[in-house]
Amino acid sequence: MMLWRPVGLAEMRLILESDMRAYPPRLPQQPIFYPVLNEGYAARISRNWNANEEPFAGYVTRCEVSGAFAINYAVQI
């Protein structure tokens with residue numbers, strides 16, 4: 001299963017520092033890790049949220065998880 005995660009510049013730097021193997025711990029004001037199921041929606045979030053404030057940069061990351069793992073989590077809208 002493919003998942004997408006919109007991130008800002010600071011978070012993208014941390015992802016690159018991990019050789020793109022891990023997402024950094026969540027910030028206290030955003031304790032939930034929320035990948036999305038649709039690349040277009042992730043791009044819209046990144047453009048509207050991440051790129052809307054300094055340093056005006058937004059990225060969309062993609063990760064693949066096994067369906068057997070993903071089935072343990074409910075899709076929320």
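I take helices as DSSP runs of H or I with at least four residues and strands as runs of E with at least two, numbered from the N terminus. With that settled, I looked up S46 and found it in helix α2, residues 39–48.

**Ground rules.** I am working on a predicted model, in which local features need pLDDT of at least 70 and side-chain atom pairs count only at pLDDT 80 or more, while totals for chains, interfaces and linings use all residues. I number residues from 1 along each chain as its sequence is written, and my side-chain values use heavy atoms, with hydrogens and water left out.

**Overall fold.** I read three helices and two strands in the chain, and along the sequence they follow the pattern β-α-α-β-α. The radius of gyration of the chain, taken over C-alpha atoms, is 13 Å, close to the 11 Å that the globule rule (2.2 Å times the number of residues to the power 0.38) gives for 77 residues, so the chain is as compact as a globular protein of that length. I also noted that the C-alpha trace spans about 40 × 25 × 20 Å along its principal axes.

**Surface and contacts.** For accessible areas I use the Shrake-Rupley method with a 1.4 Å probe, and for residues only the protein chains shown count as cover. The chain exposes about 6000 Å², of which carbon and sulfur atoms supply 56%. I call a residue buried under 20% relative accessible area, exposed over 50%, and partly exposed in between (1.4 Å probe, protein chains only); buried residues then make up 27% of the 77 residues. Taking contact as heavy atoms within 4.5 Å, I find that, among contacts between residues at least 6 apart in sequence, 65% join residues at least 24 apart.

**Charges.** I count Lys and Arg as positive and Asp and Glu as negative, without His and the chain ends, and I place each charge at NZ of Lys, CZ of Arg, CG of Asp or CD of Glu. The mean positions of the 7 positive and 7 negative charges are 5 Å apart.

**Helix α1.** Which residues of α1 are buried? In this helix, residues 9–17, I found L9, E11, M12 and I15. They cover an arc of only 160 degrees around the axis, which puts them on the same side of α1; the arc is that of the directions from the helix axis to the C-beta atoms. On the other side of α1 I noted A10, R13 and E17 as exposed. The cover over the buried residues of α1 includes β1 (2–8) and β2 (58–64).

**Helix α2.** Here A42, I45 and S46 are buried. Seen down the axis of α2, the buried residues fall within an arc of 95 degrees, so they line one face of the helix. As a reminder to myself, an α-helix has 3.6 residues a turn, so residues three or four places apart point the same way. The buried residues of α2 pack against β1 and β2. Returning to S46, I read a relative accessible area of 4%, and, leaving aside neighbours within four places in sequence, S46 is in contact with P6, V7, A51, G58, Y59 and V60.

At 64% relative accessibility D19 counts as exposed. M20, found in the loop between α1 and α2, has a positive phi of about 60 degrees although it is not a glycine, and M20 is exposed, with a relative accessible area of 54%.

**V65.** I see V65 touching M1, L3 and A70, not counting residues up to four places away in sequence. V65 and A43 are 22 residues apart in sequence and 20 Å apart in space, C-alpha to C-alpha.

**N72.** I find N72 in the segment after α3 (67–70), where N72 is exposed, with a relative accessible area of 59%. N72 and A57 are 15 residues apart in sequence, and I read 33 Å between them in space, C-alpha to C-alpha.
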